[in-house]
Amino acid sequence: MQIDGDQFQKMCVSAANNLDSQKEDINNLNVFPVPDGDTGINMSLTMKPVRELHVEPGPLSEAAMRVADKVLRAARGNSGAILSLFFRGMAKSFKGLDKADSEDIAKAIRSGTNEAYRAVSKPSEGTILTVMRGTADTAEAESEMYQGDPEAFFERLVDSAEEVLRQTPEMLPVLKQAKVVDAGGSGFVAMLKGMLASLKGQDVSVADDEAAETKAAADFSGIDTESIRFAYCTECIIGKSDTYRGEGGGDAFRDAISPLGDSMVFVDDEEIIKVHIHVNDPGRVLSEAVKYGSLEMVKVENMKKQHSALTAAGEAAAVEKTAAEKKAELAPVVIDKPFGFVAVCLGEGTAATFRDCGVNEIVTGGQTMNPSTDDLLDAVRRTGAEVVYILPNNKNIIMVANQAAEILTDEGQQTTVVLETRSVPEGLAAMLAFDESADVETNQAAMTEAFANVHTLSVTRAVKDAAIDGMSIRSGEYMGLCDRRIGYTGISRRVIVLEMLKNFPRASFVTAFYGSDVTEECAARLLADAQELLPDAEISMISGGQPLYDFVISVE
C-alpha cells in the first residue's frame, strides 16, 4: 500500500484537527509565566486552513503542494513557521510523485526537517527541531522494514517522536526546571498522531462547535456595496484567563466593544467568550479581547470586498489554487514611493507613535496574537513602496516576517528588508535611524545598530506559578523584565519600574508606554518618580494602550 494525494490530504486534515483539540494542553507547556504562552494556538491556526481544503483525488505532489501553500501563508509564531517549513520541505521531496511508499515518506520527513533547520540561525537542542530530527533519523533507518505498510510505519514514527519528546527536559535545562516537555515538540507529536489516526481509518474530526455549517446560496446583487456601514466582520474566540472565568466574566468586554459596531453576537461561557461583530476598526476589538485571556481563533473579513466578489462571481464555484497559480495571476503592486515601513504592534497609542515616525502600515499583533504570513504580505503590498522595511517588534514574529519576505522576493515586485526587532522600543529606535538619502544596505546597517543599543523594560502579570532562574513566581503578581529576562517580582508596578531603572544611572533617553490598565494619574506619578531618580535623563510617558503589559519602556 502507498499513500496517494487523497490519503495525504486526509492525513493532514486529521493532523490539523488533532492539533486544534490539544492546543490548550500545548499552551500550558510553555515554560515562562509571561502572557504569551500561545504555542498551541499558533500551531493550530497555522494548520487551520488545511481543514478547509476540499479533499479530492489526484497526485500526491499536487496535494502536498496545496497543503504546503496553505500552511506557509497561515504560519504564526516560531512554532507555526517551523511547522510550515516542514510541510514545504515535504512537498519539495514529493514533487513528481503520484504515490509514496515508506522510503519516499522517510525522504520527505528528512527534507522537511532540513528545511526547518535552515531557517533557524542557532537551533537549540530540546525543541521541536530535535523532535523532527529524531523522527527523520528513525524514518530513514527503518523505512525498509515497513514497505507496503504505512500504518505500521507511522506507528513507529509516533513512538520515536514521543521518545525524543520525553528526553527534551534533559537537553534544555529550563524545561527540566519547569518539569515539562517542549511545547513545540508536543505539537509536532500531536500532528503525527493525527496523521496516524487517519491511516487507521479513525480520522480526528473538528470540534462540534466549529463544524462547518451548510449554508444556502444567497443573492447579493441587490445590495449596494457603499451601504455597508461597518466594513469588517470580526470574530474571535477567547479562552478566558482565571480572572474572568465563569458566566458574566466578560461583561466589561461586551460593554467596551458594543459601541464600536453592529450585528454583535456575544457568547459568554464558563471557559470561553465567542464574539461576532461588524466594525470599522477590528484592531480595537482584538486589543480589548486579549485582556480577558488567550485568543484561540481570530477571523476578520472585509465585507465590502466580499460583497463585490460575490456579486461578480455569482454562483461560480471557488477553486483551490497552487502557489504558482496565485503568483501568475497576482496583480502588480502600484509602486508610488521609494520606501515604506510595516510595523507590528498592539495599542492605539503605540501605533500612532509608529505612524508619527513614518510607518505606513500597522499590523495588529504581538504577545498572544501573532500575525500570519499573509497578514504581513498584504501590509507590504499596501505600502506601494519599492523597498519595504518590516519591523516585527517581537521575537516570535521574526520567522514569519522572513517567510513573507521570501515570498515577496519570488514575486519580484518589491524589495523587502526584515529588521529583526524584538520589541516596540527596538522598532522605534530603528525608525529614528532611517535616512531617506541613504541606500538600502546603509540603512539596514544603521537601523540594526540603532536598535541593538536599546534596552527594553516591561511590566506584566504572571499567568501561572513558576520557578525561573532561582526565582519563585506566583500567578497574578507583577513581573519586571529587562530584555525579556525576568528580574523582579512584587505587588507594586511602580516599585518594579523604579528598581529596573536603577540599573541604568547613565541613561540619556527613557520612553515609557503605559498600557490600557494604567490610569493617567498613575503614569504621571511614575514619571515624576523616574525623573527624580534619573535627573539627567530625558523621560517621556506615552499612552500606548497596549493590553497585558502595563509598561513597555525604552532605555538608551
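This is a predicted model: local features need pLDDT of at least 70, side-chain atom pairs count only at pLDDT 80 or more; totals for chains, interfaces and linings use all residues.
**The chain as a whole**

Of the 556 residues in the chain, 53% are buried. When contacts between residues at least 6 apart in sequence are considered, 72% of them join residues at least 24 apart. The accessible surface of the chain amounts to about 24900 Å², and carbon and sulfur atoms account for 48% of that area.

**Helix α21**

Helix α21 covers residues 520–533, and its 14 residues should span 20 Å at 1.5 Å a residue, which agrees with the 20 Å that separates its end C-alpha atoms. Its buried residues are C522, A523, L526 and A530. Because these buried residues fall within an arc of 95° when α21 is viewed down its axis, they line one face of the helix. The other side of α21 carries the exposed residues E520, E521, R525 and E532. As for the partners of the buried residues of α21, they pack against helix α20 (493–501) and against the strands β16 (509–514), β17 (538–543) and β18 (549–555).

**Aromatic pairs**

A pair of aromatic rings is described by the distance of the centres and the angle of the planes.

| Pair | Centre to centre | Angle between planes | Class |
|---|---|---|---|
| F8 and F94 | 5.7 Å | 80° | edge-to-face |
| F86 and F188 | 5.2 Å | 85° | edge-to-face |

With F8 in helix α1 (residues 5–21) and F94 in the loop between α5 (77–93) and β2 (99–100), the pair ties together parts that are 86 residues apart in sequence. Both F8 and F94 are buried.

The rings of F86 and F188 have planes at 85°, and the pair is therefore edge-to-face, given that the cut-off for this class is over 60 degrees. This pair also links distant parts of the chain, since F86 belongs to helix α5 and F188 to helix α10 (residues 183–199), 102 residues apart. F86 has a relative accessible area of 1% and is buried, and F188, with a relative accessible area of 0%, is buried as well. Elsewhere, ring pairs join F339, F341, Y389 and F434 into a cluster.

A351 is placed in helix α15 (residues 348–356). Its relative accessible area is 7%, so A351 counts as buried, the cut-off being under 20%. If its neighbours within four places in sequence are set aside, A351 is in contact with C345 and I362. Between A351 and V424 there are 9.8 Å from C-alpha to C-alpha, while in sequence they are 73 residues apart.

T373 lies in helix α16, which comprises residues 373–383. With a relative accessibility of 0%, T373 is likewise classed as buried. Once its neighbours within four places in sequence are left aside, the contacts of T373 include L72, R73 and A75 on the one hand, and V400, Q403, A404 and I407 on the other.

Methods:
Residues are numbered from 1 along each chain as its sequence is written. Side-chain values use heavy atoms; hydrogens and water are left out. Helices (H or I, at least four residues) and strands (E, at least two) are DSSP runs, numbered from the N terminus. The expected span of a helix is 1.5 Å times one less than its number of residues. Buried means under 20% relative accessible area, exposed over 50%, partly exposed in between (1.4 Å probe, protein chains only). The arc is that of the directions from the helix axis to the C-beta atoms. Contact means heavy atoms within 4.5 Å. Accessible areas come from the Shrake-Rupley method with a 1.4 Å probe; for residues, only the protein chains shown count as cover. Rings of Phe, Tyr and Trp (its six-membered ring) pair if their centres lie within 6.5 Å; planes under 30 degrees apart count as stacked, over 60 as edge-to-face and the rest as tilted.
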